[in-house]
Amino acid sequence: FFSIPSCVLCFFVVFAIEQRLENQSIKGTQAMIPCTLVERGYIRDECVGQGSFGTTFKVRRLEADSSATHVVKQVMLKKLDEKHMKHTFKEVELLKNCDHINIVKYVDSFLDKERQLNIIMEYCSQGDLTTKVGASSIY
């Protein structure tokens, strides 16, 4: 009997989900009704990252009893070609279907009135994998 490393297992789970998504249309993407972060119950805080297609901000719930911090990844869809847009919506579907301690948790997603896709996820206070690998003394 041997143990399968979690990264290998994770690869097979993601691969299986990708195959299932390729065989069906991405659910819910056409039915999204544009709204704002506030209408969705969040208030935006400081920027925590920026890329070619969007920006990531810390967000907090508007509810007084909620102290949880999340992030919103705002993807500017108008900058994406069809291939990248499909990839972005596939990312949302993958996050929705993944439940693993080593994968950031999906919370919500929606289109805003500026045609940006907003993906709400858990906040990782120690940074992302790129930051961790870059800070590693191994490399």
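Predicted model: local features only at pLDDT ≥ 70, side-chain atom pairs only at ≥ 80, totals over all residues.
Biologist: How many helices and strands does the protein chain have, and in what pattern do they follow one another?

Modeller: Helices (H or I, at least four residues) and strands (E, at least two) are DSSP runs, numbered from the N terminus. The protein chain has 3 helices and 5 strands, and along the sequence they give the pattern α-β-β-β-α-β-β-α.

Biologist: What percentage of the residues count as buried?

Modeller: A residue is called buried under 20% relative accessible area, exposed over 50%, and partly exposed in between (1.4 Å probe, protein chains only). By that rule, 30% of the 139 residues of the protein chain count as buried.

Biologist: How many salt bridges are there in the whole structure?

Modeller: A salt bridge is a side-chain nitrogen of Lys or Arg within 4 Å of a carboxyl oxygen of Asp or Glu, and a search of the whole structure finds 9 of them. One of these joins the side chains of Arg60 and Asp45, at 2.8 Å from N to O; the pair links distant parts of the chain, with Arg60 in strand β2 (residues 54–61) and Asp45 in strand β1, 15 residues apart. Arg60 counts as partly exposed at 37% relative accessibility, and Asp45 counts as partly exposed at 23%.

Biologist: Which residue forms a salt bridge with Lys58?

Modeller: Lys58 is bridged to Glu46, their closest N and O atoms being 3.3 Å apart, and this pair too links distant parts of the chain, Lys58 lying in strand β2 and Glu46 in strand β1, 12 residues apart. Lys58 counts as buried because its relative accessibility is 18%, while Glu46, at 42%, counts as partly exposed.

Biologist: How far apart along helix α2 are Lys96 and Glu93?

Modeller: They are 3 residues apart in helix α2 (residues 82–97), and therefore separated by about one helical turn. Lys96 and Glu93 form a salt bridge, with the closest N and O atoms 3.4 Å apart; Glu93 is buried, with a relative accessible area of 8%, but Lys96 is partly exposed at 40%.

Biologist: Over which rings do the charged ends of Arg44 and Arg61 sit?

Modeller: A charge sits over a ring if NZ of Lys or CZ of Arg is within 6 Å of the ring centre and within 35 degrees of the ring normal. The charged end of Arg44 sits over the ring of Phe57, 3.9 Å from its centre, and that of Arg61 sits over the ring of Tyr42, 4.5 Å from its centre.

Biologist: Where does Gly127 lie, and how far is its C-alpha atom from that of Val48?

Modeller: Gly127 lies in the loop between β5 (116–122) and α3 (129–135). Although Gly127 and Val48 are 79 residues apart along the chain, their C-alpha atoms are separated by 9.3 Å.

Notes
Residues numbered from 1 in each chain as written. Heavy atoms only, no water.
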